[in-house]
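Some labels for a protein model are worth checking against their cut-offs.

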Amino acid sequence: MGLRSLPIMLRNGYDRKLASGVIAASGTLSQIIPPSLVLIILADQLGRSIGDIYRAAMVPGFVLAGLYIAYIVIMSLLKPASAPALPEEARRFQEPNGTRGGRSLLVLMTISAVSAYFLGLWVENNTAPIDERIVVALLRWGWACCRRWPSG
């Protein structure tokens, strides 16, 4: 990620220290937020269930992500030159047919909301272990993301 994002951030005028810090911090954050290979190895070494380790890592991971976001916001407010806004052409999304993508976003939000509703019903009425339900929820989220942003 650093090879891709650092040159773009520097080209858009980001402070070198802030850009490097963001990349380093996000690299360490990916080790604690599931699905994480590090957590699977840790669960094996500790003799605990992967679901237990994932549950234990969720709150600290999201708190850490929130603190990173808060730091970036505060830095951009105190030193606006360290994190300038993207140029207008980089902020405007346009699909190949010329539309802004609002309809696609609405369809994706509807599919996600309906999926979350039925997944919630399934979780309430299901007797499957919690770690299996977490894996199913992550797979549904990943499927929705892949459907919106296809590779290539």
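**Labels and cut-offs**

Q: What does Ser36 touch, not counting residues up to four places away in sequence?
A: Ser36 touches Ser30, Gln31 and Tyr54, where contact means heavy atoms within 4.5 Å. The residue sits in the loop between helix 2 (16–29) and helix 3 (37–46); helices (H or I, at least four residues) and strands (E, at least two) are DSSP runs, numbered from the N terminus.

Q: What kind of model is this, and how are residues numbered?
A: This is a predicted model, in which local features need pLDDT of at least 70 and side-chain atom pairs count only at pLDDT 80 or more, while totals for chains, interfaces and linings use all residues. Residues are numbered from 1 along each chain as its sequence is written, and side-chain values use heavy atoms, with hydrogens and water left out.

Q: How confident is the predictor in the chain?
A: The mean pLDDT is 80, and 80% of the residues reach 70 or more; pLDDT is the predictor's confidence in each residue, from 0 to 100. Confidence is lowest in helix 7 (residues 130–148), at a mean of 64, and highest in helix 3, at 89.

Q: Why is Ser36 called buried?
A: Its relative accessible area is 3%, and buried means under 20% (exposed is over 50%, partly exposed in between; 1.4 Å probe, protein chains only). Ser36 is therefore buried.

Q: What makes Ser82 buried?
A: Ser82 has a relative accessible area of 6%, so it too is buried. Ser82 lies in the loop between helix 4 and helix 5 (88–91). Leaving aside neighbours within four places in sequence, its contacts are Tyr14, Asp15, Leu18 and Met75.

Q: Why is helix 3 called oblique to helix 4?
A: Helix 3 and helix 4 (residues 50–78) pack at an angle of about 125°, with their axes 9 Å apart. Axes are lines fitted to C-alpha atoms, for helices over the stretch in contact, and angles run from 0 to 180 degrees between N-to-C directions. Under 35 degrees counts as roughly parallel, over 145 as roughly antiparallel, 65 to 115 as roughly perpendicular and the rest as oblique, so helix 3 is oblique to helix 4.

Q: What makes helix 2 roughly antiparallel to helix 4?
A: The axes of helix 2 and helix 4 cross at roughly 170° and come within 11 Å. That angle is why helix 2 counts as roughly antiparallel to helix 4.
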